[in-house]
Amino acid sequence: MGRDLVFRASARLMAMDDAAWARHANPWSGWSRLSVLPLLSVAAWSRIWLGWGALAPLALVLVWTWANPRLFPPPASTGSWMSRGVLGERIWLTQGTDPAFAHHRPMVRALGLAGALGLGLLLAGLALLAPAPTAAGLAVAMLSKLWLLDRMVWVHRDAGAPGLPPG
């Protein structure tokens, strides 16, 4: 339930319309989007060197987060793993409560919890400027996101989305 709310809140905040989702399905968009947490970490860490000037790189990361799904053209094909993961995420947002996807819910929740714990550890590490929790939190959050993307590929397949090999 909580992860579903986070998914929906993120989608509203990002103002993802049909055109943005089509562009975000471009693998270049999906893969480059994974840079957000590492860039956010560097921006937060830059307060050591830049003081209040660290707000500039932080603002750039926030702009990148919003702009990324809109910068790339829609892909010629949606057969790549990343494209299917992004499209599966959209399916999950609109149809995740459908009983046909019930078998995915426990894993999506577990991965959401793991990602949230990783993010919490990352934020604590950044607040304390502690390298070990920062790195561990970043690793857990990123691995959780990648595993969740893989689950979204399954959702895409289970939805009978076009362009997939039988699975």
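How many residues does helix H9 have, and how far does H9 reach from its first C-alpha to its last? In this predicted model, H9 has 28 residues and spans 40 Å between those two atoms, close to the 40 Å expected at 1.5 Å a residue. H9 covers residues 131-158. After H9 comes Gly160, whose phi is positive, near 70 degrees.

**Helix pairs**

Two packed helices are described by the angle between their axes and the distance between the axes.

| Helix pair | Angle between axes | Distance between axes | Crossing |
|---|---|---|---|
| H8 and H9 | about 155 degrees | 7 Å | left-handed |
| H4 and H6 | roughly 165 degrees | within 8 Å | left-handed |
| H4 and H9 | roughly 160 degrees | within 10 Å | right-handed |

**H8 with H9**

Helix H8 comprises residues 105-128, and its axis lies 7 Å from that of H9 at an angle of about 155 degrees. Because of this angle, H8 is roughly antiparallel to H9; angles over 145 degrees count as such. On the H8 side, the residues that meet H9 include Met107, Leu111, Gly115, Gly118, Leu122 and Leu126. The H9 side of this contact includes Pro133, Gly137, Val140, Ser144, Trp147 and Arg151. Sorted by class, the contact of H8 with H9 has 16 nonpolar, six polar and one charged residues.

**H4 with H6**

Helix H4 is formed by residues 36-45 and helix H6 by residues 55-71. Their axes cross at roughly 165 degrees, and H4 and H6 are therefore roughly antiparallel to each other. Val36, Leu39, Leu40 and Ala43 of H4 meet Pro57, Leu58, Val61, Trp64 and Thr65 of H6. This contact of H4 with H6 consists of eight nonpolar residues and one polar residue, with no charged residues.

**H4 with H9**

H4 also packs against H9, with axes that come within 10 Å. The two helices cross at roughly 160 degrees, so H4 and H9 are likewise roughly antiparallel to each other. Here Leu37, Pro38, Ser41 and Trp45 of H4 meet Pro131, Thr134, Leu138, Ala141 and Met142 of H9. The contact of H4 with H9 divides into seven nonpolar, two polar and no charged residues. Among the H9 residues named here, Thr134, Leu138 and Ala141 also meet H8.

**Annotated regions**

Which residues does the UniProt annotation "transmembrane region" cover? According to the unreviewed UniProt entry, the annotation covers residues 48-67 and 116-143. In the model, residues 48-67 are 80% helix and 0% strand, and the end C-alpha atoms of this span lie 27 Å apart. Residues 116-143 are 93% helix and 0% strand, with end C-alpha atoms 12 Å apart.

Definitions and conventions. Residues numbered from 1 in each chain as written. Predicted model: local features only at pLDDT ≥ 70, side-chain atom pairs only at ≥ 80, totals over all residues. Heavy atoms only, no water. Axes fitted to C-alpha atoms, helices over the stretch in contact; angles between N-to-C directions. Helix = DSSP H or I, 4+ residues; strand = E, 2+ residues; numbered from the N terminus. Parallel < 35°, antiparallel > 145°, perpendicular 65-115°, else oblique. Left-handed = near helix turned anticlockwise from the far one by under 90°. Contact = heavy atoms within 4.5 Å. Nonpolar A, V, L, I, M, F, W, Y, C, P; charged D, E, K, R; others polar. Expected span 1.5 Å × (residues − 1). UniProt positions renumbered as here; feature names shortened; annotations may be inferred.
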